[in-house]
Amino acid sequence: MINKIRNQLVENAASILRPPVHLLPQFVQKKALLEGLKTVFSEALEDGDFEFLEDKWLKIEVKDMQLRWYISYQDEKLVVAERPQVEDVSFSGNLNDLVLIAGRKEDPDTLFFQRRLSIEGDTELGLEVKNLMDSVDLDVLPKALKVLLDQLADFVQKGLTETPEIIPSETNRVALSES
């Protein structure tokens, strides 16, 4: 029963979360994304590892949530915009797949070759973004964020891979016991 509920939640997560997320004003979404990026990539930002994104635009799209954000690095800081003039590279996937990537339960290359992750545009820039994501040490994240990410990714992974238990109905149990 629990597996079936988890499977349903994972399968329908985007349609459940889409309406409340879309009710959030754009500036709140941008602020939350920017603060999250600063937290996750604090070490990379300190080391200047985002210079390759200087005056270039990365589009991140969560297809099944109908969300997209544009990220750049300007004047030594990350910037999130509603829509730049030109996007240089685009990463897009569904919510569950992006959660699995963030929680290191799936490899982006595997999802790319399974056509579950799309990378379009400047190939070299896309590779640099992917390498930067791979270089993040999840152990340096605040403990609460790391635990949340681990648990969420585990929940999604189990919801996508485990089959729900099939409990025979009362009629089937009676028929099985009579044979």
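The radius of gyration is taken over C-alpha atoms, and the globule rule is 2.2 Å times the number of residues to the power 0.38. For a compact globule of 179 residues, the value would be near 16 Å. The protein, a predicted model, has 20 Å instead. Its C-alpha atoms fill a box of roughly 75 × 35 × 30 Å along the principal axes. Of the 179 residues, 34% count as buried.

The secondary structure consists of eight helices and five strands. From the N terminus on, the order is α-α-α-β-β-β-β-α-α-β-α-α-α. Contacts between residues at least 6 apart in sequence were also examined; 67% of them join residues at least 24 apart.

Helix H1 covers residues 2–23. Its 22 residues should span 32 Å at 1.5 Å a residue, and the end C-alpha atoms are 30 Å apart, which agrees. H1 also bends, by about 65° at Asn12. The buried residues of this helix are Asn3, Arg6, Asn7, Val10, Ala13 and Ala14. Their cover includes helix H4 (95–102) and helix H7 (143–161).

The largest nonpolar core holds 34 residues. Within this core, Phe41, Phe50, Leu53 and Leu78 touch the most other members. Strand S2, residues 67–74, gives the most to the core, with four residues.

Ser72 lies in strand S2. The relative accessibility of Ser72 is 0%, so this serine counts as buried, the cut-off being under 20%. The side chain of Ser72 makes a polar contact of 3.4 Å with that of Gln74. Outside four places in sequence, Ser72 touches Leu53, Asp55, Lys56, Trp57, Lys77, Leu78 and Val79. Two of these, Leu53 and Leu78, are among the core residues that touch the most other members.

Leu125 sits in helix H6, residues 123–135. Leu125 has 3% relative accessibility and therefore counts as buried. Neighbours within four places aside, its contacts are Phe52, Leu53, Lys56, Asp88 and Val89. Leu125 and Lys56 are 69 residues apart along the chain, and their C-alpha atoms are separated by 8.9 Å. Lys56 is in contact with Leu125 and also touches Ser72.

Key:
Residues are numbered from 1 along each chain as its sequence is written. This is a predicted model: local features need pLDDT of at least 70, side-chain atom pairs count only at pLDDT 80 or more; totals for chains, interfaces and linings use all residues. Side-chain values use heavy atoms; hydrogens and water are left out. A nonpolar core is a set of buried Ala, Val, Leu, Ile, Met, Phe, Trp, Tyr and Cys residues joined through side-chain atoms within 4.5 Å. Buried means under 20% relative accessible area, exposed over 50%, partly exposed in between (1.4 Å probe, protein chains only). Helices (H or I, at least four residues) and strands (E, at least two) are DSSP runs, numbered from the N terminus. A polar contact is a pair of N or O atoms within 3.5 Å; within protein, one must be able to donate a hydrogen and the other to accept it, and residues adjacent in sequence count only if both atoms are side-chain atoms. Contact means heavy atoms within 4.5 Å. The expected span of a helix is 1.5 Å times one less than its number of residues. The bend at a residue is the angle between axes fitted to the seven residues ending there and the seven starting there.
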